[in-house]
Amino acid sequence: MASVDSFQFLYGEIARSCSSYVETLALVGALYTASRAIILLTDCCTLIRVHFLPRMIPTKKLTQRYGDWAVIYGGSQTVAKAYAEELARHGVSIIFVTQDSTSVRDAAASLSQSYGVETAIISVDFSLGEAGSKAIKEEMRGKDVGFLVNCMDESLASPQSLTETPEQVLLDQVNRTIASATLMTRIVLPGMLERSRGAVINISSVACCRPLRGRVTLAAFNGYLDCFSRALHLEYSSKGIFIQSLIPFQIASSEQQPTSSLLSSTSLRESWFVPKPEVYARHAISTLGVSNRTTGYWPHTLLYGLVRCIPEWIWLLGSRMLNSAS
């Protein structure tokens, strides 16, 4: 009994000495809870504002807001084709810029036949110098180009070790992603500035936000496109140009392969969180002019919010465990 009495006495003394801090600690806890509640409420309001209200409230036609023509770089990529089709559905004519014209020939013919828009194809290899730029400028002459869409190369989603990637392959990847997107923006932007309207859409992936083992170049190239978009928006948004960075999670293709993959390069079935390219493009285009940085698809935005809550050290630990298991 003596030991019990001693413990109760000790506990009473500690409680008495800490009583002056209880109210302070309670206030801190209340403030933290209120701040988290405000952040959650803000995120919910943003989700509704970006992904739901634009689809419910009528707006001007895209051709009236931005222009009659769109330049699509990376049109051979599944997401870019879907985005081009969605623009064509809104009456926007399409110029495909690609290294391999055969990869978009059928898509261009289909858009013209289905939606009655004009299409053009330019074969360009930026590694050859200024010749490619001249061909694009010549095709754009006299056209009201209101859209530029740059799309990340989907082949980068597969695991690649930096040290095992041949130097020439790495240089080609830099040219196809970083250099090409930058040059395309440099070519198209002056005309938009002259008309004081236009939209530049850079489609990368959420891989720009969290690193993963075996995907060094994927994270770096996506990070460049994302940061490039945000910097352009800061510089040109006041001049009537809307710059948007789209950072989706997995998107299924017709072959059931993920096109923009952060977590895996394995085959994924189409699902609520892995939409068809057409579904993704329909959602993404509704966010144009609303949010300059978004996943473009509201279930992906929910996933992105979850990813943001995970500390990076836990994320890296989970990445190592997944790699070990595979």
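User: At what angle do helix α6 and helix α7 pack?

Analyst: The model is a predicted one, in which local features need pLDDT of at least 70, side-chain atom pairs count only at pLDDT 80 or more, and totals for chains, interfaces and linings use all residues. Residues are numbered from 1 along each chain as its sequence is written, and side-chain values use heavy atoms, with hydrogens and water left out. Helix α6 covers residues 167-195 and helix α7 residues 216-236; helices (H or I, at least four residues) and strands (E, at least two) are DSSP runs, numbered from the N terminus. With axes as lines fitted to C-alpha atoms, for helices over the stretch in contact, and angles running from 0 to 180 degrees between N-to-C directions, the axes of α6 and α7 lie 11 Å apart and the packing angle is about 15°.

User: Why is α6 described as roughly parallel to α7, rather than antiparallel?

Analyst: Angles under 35 degrees count as roughly parallel, over 145 as roughly antiparallel, 65 to 115 as roughly perpendicular and the rest as oblique. The angle between α6 and α7 is about 15°, which makes the pair roughly parallel.

User: Is the crossing of α6 and α7 left-handed or right-handed?

Analyst: A crossing is left-handed if the near helix is turned anticlockwise from the far one by less than a right angle, and right-handed if clockwise. The way in which α6 passes α7 is right-handed.

User: How do the residues of the contact of α6 with α7 divide by class?

Analyst: Contact means heavy atoms within 4.5 Å. Ala, Val, Leu, Ile, Met, Phe, Trp, Tyr, Cys and Pro count as nonpolar, Asp, Glu, Lys and Arg as charged, and the others, Gly among them, as polar. The division is 12 nonpolar, five polar and no charged.

User: How many charged residues does the contact of α3 with α4 have?

Analyst: The axes of helix α3 (residues 78-89) and helix α4 (residues 102-115) come within 10 Å and cross at roughly 20°, so the two are roughly parallel, and their crossing is right-handed. From α3 the contact takes Lys81, Ala84, Glu85, Ala88 and Arg89, and from α4 Ser103, Val104, Ala107, Leu111 and Tyr115. By class, six are nonpolar, one is polar, and the charged residues number three.

User: How many residues of helix α8 are buried?

Analyst: Buried means under 20% relative accessible area, exposed over 50%, and partly exposed in between (1.4 Å probe, protein chains only). Among the buried residues of α8 are Pro277, Tyr280 and Ile285. Helix α8 (residues 277-286) is largely enclosed by the rest of the structure, because the buried residues number seven of the 10.

User: Which residues is His283 in contact with, leaving aside neighbours within four places in sequence?

Analyst: His283 is in helix α8 and counts as buried at 13% relative accessibility. The contacts of His283 are Arg55, Gly296, Tyr297 and Trp298.

User: What is the relative accessibility of Phe147?

Analyst: Phe147 belongs to strand β4 (residues 145-151). Not counting residues up to four places away in sequence, Phe147 touches several residues, including Leu62, Trp69, Met192 and Leu288. It counts as buried, with a relative accessibility of 0%.

User: Near what value is the phi of Ser196?

Analyst: Ser196 sits in the loop between α6 and β5 (198-203), and it is partly exposed, with a relative accessible area of 47%. Most residues other than glycine have a negative phi. The phi of Ser196 is positive, near 60°.

User: Over which residues is the pLDDT below 50?

Analyst: The predictor's confidence in each residue, from 0 to 100, is the pLDDT. Its mean over the protein chain is 84, and 85% of the residues reach 70 or more. Where pLDDT is low, the predicted coordinates should not be read in detail. The stretch with pLDDT below 50 has 48 contacts in the model beyond near neighbours in sequence, and it covers residues 255-267.
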